[in-house]
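Biologist: I would like to learn how to read a structural model feature by feature. Could we take it slowly, with the general idea before each case?

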Amino acid sequence: MRPRALPFLGRLDRYVARLFVLSYAASFFLVVGLFVILDMATNLDEYLAPDKTGYAPPSARVGEFYLLQLPFLYLQMSPYVTLVAGMFTAAKLARNNEFVAAFGAGISVRRMLLPVYLGAALLAGGMFLLREQATRELGRRRDFLQDHLKSHRLEPEIENLVVWVGRSLPVTLSEYVVRPDPLLSEARGLSAQRREAGRMLSIGAKVARPLSGGRWALEEGRCLEDDGGRRQTRALDVLDDPRFTPEDVELAWKAKKNVMDLSHAELTDLLAREPSNLQYQTLLQYNRTFPLAGLLLLLVGLPFVVGDERGKAGERIARGFLLCAIYFGVDFVARQLGWQGTVGPVFAGWLPLVVFGSLGAVLTASMRS
């Protein structure tokens, strides 16, 4: 029978889309909830343990941390969620013999599953936007709570932090105390270098406190000037070159502690300061391709469900998880090779997309119609 043209967003599309939405909600609670439970089983005792003074964080604070952690955990697990939701949807259609009815009406499987593929594409765009928003709106509070629960201190204290300022030489901080108000934060053991009119200026201070406009008030500050012929030291009360802000310091902290949570905008900022950093170059490509992982896995996984309608649902879901594991294995190896410089950052970021995208296109094209 000749394939029948269906009106876009007609009754069948709405029916399949509703199945996918319900399956996605169930998959979200299944996959993300499972990883939250595993994380709590591993870390909850440490989070609730009392410190040296006998103080133990309240349970509400732990709950707040996990609520803030949910978007970041979802961003890591979203390909699993999308794949499982798509396979649940296809398995239900197959179990009720609705594909057979579609064949009889001249409707191809690919057309019938179009709402699933479009939903995965929309979710890919949503993932990209969520990473940008979650990092900006929730990341700082999440990092504060995580440090408080793990280290049992009110304010994070970062040791041996390097802050790149533009393309100049880096600023090194022996210790940095992060406070809720960034302008009240404090750096200890500051050292920096810069060139000025053929001279090398080496700047050091015992304590530095932020001022407005990227300037810093120095305690016991000094500047050593070396023009190649003679050296002289002078006192320095305010550091106004190189200029950097507390937000720049916290971005360097995040890159050191949770590099996988960096957004596209943050990676672009860091690369402008340190353009030769292979890790940032690879992660920038990774952030562009990873949101598409769910769609790619659907292209690979759904043909197995449609092509084996008599198989058990558990076997189908197991195949989906196996495919996910293989994808993440390839993705992890490629990313590590990119970080080490063994392969180029573009190759490392796009290899999983090209390999699984090609495989998915072949499998999807081979589905019955």
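Modeller: We will go through pockets, helices, a strand and some backbone angles in turn. This is a predicted model, in which local features need pLDDT of at least 70 and side-chain atom pairs count only at pLDDT 80 or more, whereas totals for chains, interfaces and linings use all residues. Residues are numbered from 1 along each chain as its sequence is written, and side-chain values use heavy atoms, with hydrogens and water left out.

Biologist: How much space lies in the largest pocket, and which residues lie nearest its centre?

Modeller: Rolling a probe the size of a water molecule over the atoms shows where empty space is left. A pocket here is an open set of points, on a 1 Å grid over the protein atoms alone, where a 1.4 Å probe fits, with protein on both sides within 12 Å along at least five of seven lines; lining residues have an atom within 4 Å of a point. A volume is the space filled by probe spheres set on the points, which are joined across faces, edges and corners. The largest pocket holds about 380 Å³ of space, and among its 17 lining residues Thr135, Glu247, Leu251, Lys254 and Glu266 lie nearest the centre. Two or more lining residues come from each of α5, α6 (139-151), α7 (246-257) and α8 (264-273), with α7 giving the most, 6 residues.

Biologist: How do the residues of that lining divide by class?

Modeller: Ala, Val, Leu, Ile, Met, Phe, Trp, Tyr, Cys and Pro count as nonpolar, Asp, Glu, Lys and Arg as charged, and the others, Gly among them, as polar. The lining of the largest pocket has 4 nonpolar, 3 polar and 10 charged residues. The second largest pocket, with about 270 Å³ of space, has a lining of 9 nonpolar, 1 polar and 4 charged residues, and α2 (59-95) supplies the largest share of that lining, 5 residues.

Biologist: Which residues of β5 form its covered face, and which its uncovered one?

Modeller: In a regular strand the side chains alternate between the two faces of the sheet. In β5, Trp216 and Leu218 make up the covered face, while Ala217 and Glu219 make up the uncovered one. Strands count as paired if DSSP finds at least two bridges between them; β5 pairs in the antiparallel sense with β4 (residues 199-210) over 4 bridges and with β8 over 2 bridges.

Biologist: Is Glu220 buried or exposed?

Modeller: Buried means under 20% relative accessible area, exposed over 50%, and partly exposed in between (1.4 Å probe, protein chains only). Glu220 counts as exposed at 53% relative accessibility, and has a positive phi of about 60 degrees although it is not a glycine. His152, with a positive phi of about 55 degrees, is partly exposed at 24%.
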